[in-house]
Every structure is written in C-alpha cells, then in structure tokens.
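Please walk through this structure with the text below, keeping the sequence and the model side by side.

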Amino acid sequence: MADATGSDGNWDGRRGDDVRFSFDVWPRTKIEASKCVIPFAAVISPISGGSGDAPVLPYPPLRCKPPCPAALNPYCRVDFSAKIWICPFCFTRNHFPPHYAAISEASFPAELFPQYTSIEYSLPVAPGSPPPPPPVFVFVVDTCLLEEELDFAKSAVQRALGLIPEHALVGFVSFGTQAHVHEIGFPDLSKAYIFRGDKEITKDQVLEQLGLSVAGRAAAGGFQKAGVDRFLMPVSDCEFTLNSLLDELQTDQWPVDTGNRALRCTGVALSVAAGMLGACAPGTGARIIALVGGPCTIGPGMIVSKDLSEPVRSHKDLDKDAAPHFHKAVKFYEVLAKQLVSQGHVLDLFASALDQVGVAEMKIAVERTGGLVVLAESFGHSVFKDSFKRVFEDGEQSLGLSFNGTLDIHCSKDIKIQGIIGPCTSLEKKGGADTVIGQGNTTSWKLCGLDRSTCLTVFFDISPSERSNQPGLANENLYIQFATSYQNPEGQMRLRVNTVTRRWVNNTASSEELAEGFDQETAAVVMARFVSLKMETEEEFDATRYLDRSLIRICSKFGDYRKDDPASFTLNSSFSIFPQFMFNLRRSQFVQVFNNSPDETAYFRMLLNRENVTNSLVMIQPSLLSYSFNSPPVPTLLDVASIQVDRILLLDAYFSVVIFHGLTIAQWRNMGYQNQPEHQAFAQLLKAPQDDAEMIKKDRFPVPRLVVCDQHGSQARFLLAKLNPSATYNTANDLAPGSDIIFTDDVSLQVFIEHLQRLSVQS
C-alpha cells in the first residue's frame, strides 16, 4: 500500500497527516529501543487541518470485527472481486457491506485513497433528533481590582459579547470577597445570588441555593429550562442586560485594611460556575472564562493569606515544601477538574496581574479540561486584549474551538501506549503499558476542549512477543490509528480518523537505519515535554544533568568516531542540529526556573505541552532575523556575534517578539533621519521588522509581547538572554570595537559541543 512517509524517510506533518514521530523507523526489541535514549513518541494535532485538510464523508466509518476497533484505511489490503478487506492491525478478513457493492479497482471509496490517511466523518443524526445545543460561555470576572483594571476587563467582556454567535448562551459570575451569580433573566431588576467566599461549597449546595434542585436537573446533553431562563440566555436576548450589568459593576466594596491583601475567593467562584453549568447544561459544549487579577486569599484554592507580610510562594518554597497552601489548593483544583471533565466543560484562564494569581495551582484544572491560558501584566495590555479577542473571532482568525472530544488510539499488537502529555484526561479504560507517562493506563482520553492548535504527545512502549520476531512471521510495518470524535464549532459531531504506518528494523545492529529515520525537531520537543513533566512530578530531579547524560549517550550510539579521539567525531545529518536544540533547552525557561515565578513556569509549560512542533521549537530555540541596508532580511545565528551597530534584529521567542536596533541605527532614528525624504530607505528599514512582528502576532495565540529596544538599552536583556554567549566579559579584550558581550558564566555553544565530543568518544 501507499507509504505515508516522505521520500527522505523523515516525517513531515505538513505533507499529509498531522503526526510526527521522534523516530520514523522502530527497532524490534525493547532493549534496542532503550539504547536509542529518546522516547519513541508521536506528536499529534487531533483536529488540525494541515496544508490539505481531510475530506469529510457523510456516513460513519466502516470498522473491523470486534474486539478490533480499527476503521477502514488506505493500508488495508482489498480483494475487490470478493469484496473483502483485511485489517492491517489484526489481519481479520472483513466483508464490505451492501452499500460498498460498487467498489472496484477503478472506483473505490475515499477511505482507501493513498493520500487520505487522515479522513473525517460527519456522524449522522437520527431522524427527529433535536438540533445540536448551542455553545455556552460563562464569564467569571474578578472585582478585587483597581478601577482602571476593572474597566479594561469589563470592556473586554463587552467586546466579546459582540463577537459571540447570537444563539450562544452566556452567563455571568463576579467575585471578590464573595461570589455573585447574576440572574440575567430579569432585565428590569438586577438580581444576584451571593455565596460566602471563605467557605468550601459542594455542588449540591450550589444547586440548592440557586434553586436548581437535584430533582429538576437536566439529563446529559440537554438543558434545564428554568436554569437557562434564569442564568443562561442567548446573546441576542440578553446583550443589553449584560452590558448594563457590566457598566454598573463596581470594584469589590469589602474594606481592605492597611498591610492586607484584598479578600479574593477565586476557588468559590469557579466552583459555583461549575456547579451551575453542571445543572443547566451537562454534556454540552460549555466554557468557563475566568478573568483573574490577583491571588486567591480566602476559601478553597487559597494560595496566600491576606497578610501582606506573607510572601506568595516561590520555586524555592515549593522545593523546600515551605508553601503552606500549595498542596491543598492543587487538591481542590484536581477535584474541580474531575467535576468539569465529567460534565464535559472547559476552564479558560486569563490571568492579568503584576503579582502571581495561582496559575501553578490552577494548571491541573485548565490542562485536563483542554482550556486556554493567557498570562499578562494587565487587562489593558495588548497580550491580554488581543488574545481575548481572538478567542471569539470568526473567519481566518478563528481558533476553531471545539468541544466534548474523545481520542482513541489503536496500535499494532507489539506496541503499547505509556500515556499522553498535553491537554487531556485519561478515561481509565483498560489498556496501556505498565510504565505510565502523563495521562496513562488507558487507550482512550477525554478532550473537553480542543482547537486547531491543540497538540498531544503520545509515548509508546515496544513490547514484542516471541512470535513477532520469528522469521517469516514478522510484519515489516507497524500501524497506529488515532480516532478523535468531537463537536465542531457549528455543533456537528465529527470523527477524524488518522492512520499512520512506520517500518520495523529487523536487524538489531542497524543504527544507521535508525539514524536515518530520526526526526530531530520532534525529538527535541518530546524531550522538552518529558523533562518538564519529570521536573514537576519527581523530587530533586536534575534536568540539566539528565539532558547532558542523554545527549552523550545519543552521540555515543549514533556518532561516527575513533575511540578517545574527539577530533574524529561526526554526527549523521539527521542529528546535526539536535545538540544545539539540547543546548538551548538546557538554558530555556522550561529547565531554568531561576528568575521566573511558579506561575510563569506553569504558564510556559502549559503552552509547550499544547502547541505543535514548529511553535514548540521556537519556544526552545528562538529564531533570529537580521535587517540591513545591504541585503533583504536573512536568518542569522542565535549568537551575540550577530549584534552589529548597523543592523536591526528581530527575535521571535514565541512568548515575546523583540525588535533590537543596533547603536548606529538607534542614533539615526533618534535624530529623525527616517522623516527626511532623502532617507526613505532608512524609513523602510525601520518599518520592515515592525511589519514582520505584526504578522507573527497576527497568527499566534496567545499574542506575544512586543518589545522594541536599542543596543545597550535596559530592555536589550530580552534579546541578550536568548543569545549564545560566545562573547562574555572574560573575552571582551579579544573583540572588535562596538561588539557586544553577555555578562554570564554560562558556557557557550562552542564549548558545550567540544565537551560533548570529548565525553562521547570515551563511552
């Protein structure tokens, strides 16, 4: 059958399927797999369209006989005369049903086209079934803010109301010292139900206080009429009421004593919103959109006390187990996550504050429900405003927000699944490998919220049977099928089936074949996610030491060298950039948490875990463009040597985009040369990186922070922190006049590679 790999043997997700593997050829034995050091993993975008989206078929998939769940795919062998297809997973012979009777070698269904290894089914709706329920958005807004910040937050919500589809249902909860559930069904009278913020409240208590008793709850997939009328209403019916309510909304009136923080009951507000949705709209596509402007200081989810003399926890506090509220808050959000997953609902977090707000504690609830997260300094900052707007935009800028997804993975019999890192929750169906990584012990996962950029990392365990390796019985290829069912933004149920194949390597000594099948970009992303998980789950895990040892083992196995002769060391082209990726990963915000708060680290890792390979690589190793009079914009080395007085540099570090002006360029700009008619070339030079930065911001979520700085200026640190320190204060005497240096004791990439070569040839 058709092979889904490219002609060079390396998988490129842009050529067809939205799946990339760390290795595109796999060894037959577990021992050989362990010698490869890098986990055998796949990075998959469950519903991404890629360059050529999959066709949509208006009927359900044709499946193999139970217990095999595999769907018909291009790798099936077909006997057109007998109307039989053979499943590549279990080799079962299946008869085509009557409606496939017309198939022939000249005419066969889309499922068998070699190029359609990804295909989507529009699942039919039974006659007489009700129309799909509308999406639900519940805004949860913090009022313990400065008046200016609250105005920014209210304006953002009001803009969102104008972008949400008119049939979508909305609800509103505000919170400060207490949580207020606003009843929007009475436009003539402002009415709210108040919950104490210092007391943990159960789901049943929420329902009782809101008048949504157990007896009156809706069945899964439906709505309770009274609940919809009172707390959730179509935008078209309540936009004026909600805008009026927002106009009247004031900052929290509870007095704050000198030396104290504001009393903020974030945990109670989210519990109430989850309970209300669970009663009014269970099993439907619903999102809780939380705008939080400070730390929770009372009630469940508290991360710090109201006393300002108690600092918010730091990484050092977490390492020493000296954060008294951390574990209790994480436990609370873990319970909340389970409730939201059981209801099929999503928690989106928009945190905007100069201080920490508890993203590290809330991470588990956001990630397991597939929610979005944005961390900004202010609700007035473009990072928040532009990102928040993109959530609700339609057309080309749409994120493609989808709901109620489930992912099922079916593998060839010699492969087991260890688990998934990313925005999902294990459904704990029987299956999977004994060793668990991330969300494991299953072959099925829940994705309450997913979008076009949602990406998951699946880890595999090679577990061959004795029969598998017997000559004549072994199959040359392995097969993996990813089946994602979900509710698209229009409310239709879809099933996307993605089937991939890779080749087994029969000769256990074939390091060269394994090397040729290595995808160094995907492997770098897999290692980054794997190490980030270990740092969060294993005490005293030394990530830098682990990465260094792993890289030395990889180079020893796949390098070509004479023992104890570093000068003879060479690497296969498939590994040529991998050491550089590992060098930058060691220095990245995912491994080096110094100077970052726990909230920032949690934020960085959440985005790393959910973005595709290309975007994740930019987080690990930023890209750098150089602009000058002499040439068009060109990529340049991520090195301090790239700084020159007559150049402009554009750094894309994913979370921030930096426009850096060399000293001469900055002086000319300050003297206004760009405003003079005879210096239009200079004006165009200044404008080019600005235009490119806007293009980067336009296509990304969250929208990155834009930093414009000059050489030797205070904000130049945003660029210098990402550059290879090939020139430091120790080598300043050897540099040409005007060259820049980095004040650090970190080793440069050159020294790192020299040490790597020396240690690799000793193994």
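**Salt bridges, surface patches and backbone features**

The side chain of Lys 389 pairs with that of Glu 393 in a salt bridge, at 3.8 Å from N to O; a salt bridge here is a side-chain nitrogen of Lys or Arg within 4 Å of a carboxyl oxygen of Asp or Glu. Side chains of opposite charge can pair when their charged atoms come close. Lys 389 is partly exposed, at 40% relative accessibility. On this scale buried means under 20% relative accessible area, exposed means over 50%, and partly exposed lies in between, with a 1.4 Å probe and protein chains only.

The model is predicted, so local features need pLDDT of at least 70 and side-chain atom pairs count only at pLDDT 80 or more, while totals for chains, interfaces and linings use all residues. Residues are numbered from 1 along each chain as its sequence is written, and side-chain values use heavy atoms, with hydrogens and water left out.

By the salt-bridge rule the count comes to 31. One of these bridges joins Lys 363 and Glu 367, whose closest N and O atoms are 2.9 Å apart. Both residues lie in helix α9 (residues 359–368), four residues apart, which is about one turn of the helix. Helices (H or I, at least four residues) and strands (E, at least two) are DSSP runs, numbered from the N terminus. Lys 363 is buried, with a relative accessible area of 10%, and Glu 367 also counts as buried, at 14%.

Another salt bridge is formed by the side chains of Glu 536 and Arg 605, at 3.6 Å from N to O. Glu 536 belongs to helix α12 and Arg 605 to helix α15 (residues 598–610), so this pair ties together parts that are 69 residues apart in sequence. Glu 536 is partly exposed, at 37% relative accessibility, whereas Arg 605 is buried, at 6%. Elsewhere, salt bridges that share partners join Asp 18, Glu 120, Arg 494 and Arg 496 into one network.

Which residues form the negative surface patch? The patch is made by Asp 319, Asp 321, Glu 539 and Glu 540. Patches are built from residues with over 30% relative accessible area and no salt bridge; like charges are joined within 9 Å, and nonpolar side chains (Val, Leu, Ile, Met, Phe, Trp, Tyr) within 5 Å. For charges, Lys and Arg count as positive and Asp and Glu as negative, while His and the chain ends are not counted. The place of a charge is taken as NZ of Lys, CZ of Arg, CG of Asp or CD of Glu. Accessible areas come from the Shrake-Rupley method with a 1.4 Å probe, and for residues only the protein chains shown count as cover.

Glu 540 is exposed, at 83% relative accessibility. Asp 321 is in the loop between α7 (315–319) and α8 (326–343), and is exposed as well, with a relative accessible area of 55%. The side chain of Asp 321 makes a polar contact with the side chain of His 327, at 3.2 Å. A polar contact is a pair of N or O atoms within 3.5 Å; within protein, one must be able to donate a hydrogen and the other to accept it, and residues adjacent in sequence count only if both atoms are side-chain atoms.

A nonpolar surface patch of about 300 Å² is made by Phe 629, Trp 668 and Met 671. Phe 629 lies in the loop between β26 (623–627) and β27 (634–635) and is partly exposed, with a relative accessible area of 42%.

Gln 711 is placed in the loop between β30 (705–710) and α19 (717–720). Gln 711 is buried, at 4% relative accessible area, and a polar atom of its side chain lies 2.9 Å from the backbone nitrogen of Leu 663.

The backbone itself remains. Most residues other than glycine have a negative phi, and most peptide bonds are trans. Asp 321, which is not a glycine, has a positive phi of about 55°. Asp 564 has a positive phi of about 65°; Asp 564 lies in the loop between β24 (559–562) and β25 (565–571) and is exposed, at 54% relative accessibility. The peptide bond from Pro 66 to Pro 67 is cis, with omega near 10°, and Pro 67 is in the loop between β4 (56–57) and β5 (77–79). A cis peptide bond also joins Phe 701 and Pro 702, with omega about -5°. Pro 702 is found in the loop between α18 (680–698) and β30.
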